[in-house]
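Please look at the sequence and structure below. A student's questions about them are then taken one by one.

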Amino acid sequence: MTETVVPRKTYVAVWAVLMCLTALTGAVSFINLGEWSTVVAIAIACGKATLVIAFFMHLRYEKQRIIWVWATVSAVWLTILFLLTMNDYLTRGFLRVPGK
Amino acid sequence: MATTGQLEVTGYDDFINAKSGIKSWLFTTDHKRIALLYLTSITFMFFIGALFALIIRLELLTPKGDLVQADTYNKMFTMHGLVMIFFFLIPSIPAVLGNFLIPLMIGAKDVAFPKLNLLSWYIYDVGAIMFIYTILTGGLDTGWTFYTPLSTSFVTSSVVVGALAIFVVGFSSILTSLNFIVTVHRLRAPGMTWGRLPLFVWASYATAVIIVLGTPLIAISMALVALERIFGIGFFDPLLGGDPLLFQHLFWFYSHPAVYVMILPGMGVISEIMTCFSRKRVFGYKSMALAILGIAVFGFLVWAHHMFVAGISVYSALVFSFLSYLVAVPSAIKVFNWTATMYRGSVYLLTPMLYALAFIGLFTIGGMTGLFLASLGIDVHVTDTYFVVAHFHYIMVGGMVTAFMGGMHFWWPKISGRMYPEGWGKVAAAIMFIGFNLTFFPQFILGYVGMNRRYWEYASQFQVLNVLSTAGASVLGIGYLLPLGYFAWSLRYGARAGNNPWNAAGLEWTVPSPPATHNFDVTPVVTSEAYDYDQLPKDIVVPREASVVGE
Amino acid sequence: MSESSQASAWSVREALDRDSLHEQYAEHDQQRESAKLGMWVFLATEVMFFGGMITGYIAYRDAYPAAFRAGSVHMLFMAGTLNTAILISASLFVALAVHAAQLGERKTLVWFLSIAMFLGVCFLSIKGYEYYEHWVDHKVPGPSFQWDGPDPRHAEMFFVLYFFLTGFHALHMVIGVSILAFIVYFAARGRYTPEYHNPVENAALYWHFVDIVWIFLYPMLYLIGHKHV
């Protein structure tokens, strides 16, 4: 069998970090950071997601490179969806053409 | 040896005769049988879609709306579009030719997940039955695009079941694509590197990637429309500040790449046919493969060119217009390379090649008119006119369906073990070509001079071109019915094909026709490049009808 | 263990291994890698599926920021935070279950999967309680929706997004728990070996994905109102 066996301790450590990050993001939400609240919240969420993907989903130990590619492609495509859609919403009125 | 005219038992268990009885077909996990199951389903749905087209063209014979009511006409074009796109065009080449050929082309015994393959066919059928239910309960009249808030708040037709039918059939395509992706990655025979894959496999792979990344968006669009109708409240409710354009963004994020889903497999087929009937390797294999990937990637960046006049910001329209010009480049590269493949080749004008040549011409016209539409200024003038209708029919019918017919003729000997009658093949191809152009070229003109699409009546000065178009549609119909007839005829009376009647390159031609259930007795080891026509006989000798005496 | 029962234990293992290798594969590694790749490809479709709804969330939150902040204040913060912790813990047990499967520890595998299932059911129960509270509070969109504050219609849109996002997520949780139930059943019957435990691994991947969706939904829905202590 050629699959990496990740030690139990690693999983528990990742779990502990995830719990801390959850507490952190919950606590920070009570502080008024203005526009930065959203950025911080998403950044922490991305950090948590990365930990889950890398360790719980074994991506860090994954031998099949194509799986790395797929995980990346999913994130990139999601970004394309968000960016190009919001490109419309955020630029309405940009070019001062009436009604657009 | 029995004479022709009888279905004889061949000396090995070919996949058709290996097991008999309806249950062995309905519970098969053989990718070749599943391909034929799909062929049956999509042909049935094609006829339903063609029926709606017939009513449309009959109505448009006269300027007044006199054949059907206006509301009925809305249903006709809606359901024509939905059936043709989701139940015919999207599954056709992948589910039929892809399923049949991909394991053979890569030297595998089956796809990665054979049971999932069968499940995907059943899911397709569930979606088809749901859609037929909407037809029987009065039909859908929202346009195939389901725009909100018309579809969510105003129409009274079977939108919920219709939207969910699309959801279901989309899921079927996702499962097929998942299978193809894993199959191509993990089940290639030794020596079959990515650089030696037939371009049909590259094209099928890219199509599968598009389907996986895009279809979930049509799924969520349809689910949200259905939920809004069921609960009376939802994402697109204008009363809550819902934006109709949000629906359009989500819808077109899939539906634009969907057109590349439809055309890429066709392009894959053309590469196979072009090389075989020019007796030459493809010109620029690497750039062809890269162009396929380029089409797949760029195809995701252009969707709002369907929304230029819907109310998106002008800045955003500029961005999407620019990107839409870019996406034409890889397609153009492919057309140049196919042409260069023919150059100094030994061109055989057999039926598959006639379809391939038709594809090149018709796809080029369709693609160029797409550039017209990508230009903002022109688009404002011709959007929602017959210009758009003609553009996409040139690509979808002139391109995609032509490629499908070409592919069916090219691989018919492999699938059935029989040759179709070549003379009739040429006749049908010619009739199709003439009928197609007669139907759709007038529509470019009609659109440009102002005839609206989706309207049930039109200004009387447009009648002559409309009559031409309807006449063309009848001819086109004959062009499509003929192959149905002679393919069926060939099953009993066609000349036996042998392993490789075209002397074509590709692993699928190294096995008997029809192939055995397990494809290969011994897993092949690949040492040559994809279109190694230097090593194959220079000429093609098409097996003719066997004489009565002997073989 | 006596020699004969040792030998028969091995032959059972061998038979399981032999039977579990499907015809189109040359070896177990190839089959396992294919199954795993297949699940990752499927997860990509799920990412895009939720991505569509999240696109709607982004567009509407950008358009109606005040109404969304006000709506978020009405979320049950403790329930949401507890649920986040529950789901992360469930993921831990699922990961540990895969570990057990890799080492052939059948009892541990069954136990850990069962605990994960139990935590999943806890999540769904708390979610149900939240939905009930929203219903009582007249925050369910529709004829019963009541809002005393400015911009009631856009606040109602926030709740539409809340119910749709968490509703689809809950649906995936139900599917996840059901899948785990199947895996527990087969695991208890000794179906999985260190050589072949693909269903366990792939069910785990699905479960972790559903956890990741919640990791994003939690701040998106529960944490955007500013609560000043």
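The questions and answers that follow concern a predicted model.

Reader: Which secondary structure elements does chain B contain, and how many helices are there?

Author: This model is predicted, and its chain B holds zero strands. Its secondary structure is therefore made up of helices where it is assigned at all. The number of helices in chain B is 15.

Reader: Why is chain B said to be as compact as a globular protein of its length?

Author: The globule rule gives 24 Å for 551 residues. The radius of gyration of chain B is close to that value, so chain B is as compact as a globular protein of that length. The radius of gyration in question is 23 Å.

Reader: What percentage of the residues in chain B is buried?

Author: A residue is buried if 20 or more other C-beta atoms lie within 10 Å of its own. Chain B has 551 residues, and the buried share of them is 57%.

Reader: Where does α3(B) bend?

Author: Helix α3 of chain B covers residues 70-106 and has 37 residues. From its first C-alpha to its last, α3(B) reaches 51 Å, close to the 54 Å expected at 1.5 Å a residue. The helix bends by about 55 degrees, and the residue at the bend is P91(B).

Reader: Is G170(B) buried or exposed?

Author: G170(B) has its place in helix α6 of chain B, residues 159-186. Leaving out residues up to four places away in sequence, G170(B) touches T215(B), I218(B) and A219(B). The cut-off for a buried residue is 20 or more other C-beta atoms within 10 Å. G170(B) has 25 C-beta neighbours inside 10 Å, so it counts as buried.

Reader: Is D384(B) buried or partly exposed?

Author: D384(B) lies in the loop between α12 (376-382) and α13 (386-416) of chain B. Its phi is positive, about 60 degrees, although D384(B) is not a glycine. A residue with 12 or fewer C-beta neighbours would be exposed, and one with 20 or more would be buried. D384(B) has 14 such neighbours inside 10 Å, so it counts as partly exposed.

Reader: Is H58(A) buried or exposed?

Author: H58(A) is found in the loop between α2 and α3 of chain A. H58(A) is not a glycine, yet it has a positive phi of about 65 degrees. Because H58(A) has 21 C-beta neighbours inside 10 Å, it counts as buried.

Reader: Which helix gives the largest share of the side of chain A that touches chain C?

Author: In this contact, 38 residues of chain A meet 39 residues of chain C. The helices α1 (8-28), α2 (36-56) and α3 (65-90) of chain A each supply at least two residues of that side. By class, the side has 26 nonpolar, nine polar and three charged residues. The largest share, 13 residues, comes from α3(A).

Key: Residues numbered from 1 in each chain as written. Chains lettered and ligands numbered in written order. Predicted model: local features only at pLDDT ≥ 70, side-chain atom pairs only at ≥ 80, totals over all residues. Contact = placed C-beta atoms within 7 Å. Helix = DSSP H or I, 4+ residues; strand = E, 2+ residues; numbered from the N terminus. Nonpolar A, V, L, I, M, F, W, Y, C, P; charged D, E, K, R; others polar. Rg over C-alpha atoms; globule rule 2.2 N^0.38 Å. Expected span 1.5 Å × (residues − 1). Bend = angle between axes of the 7 residues up to and from the residue.
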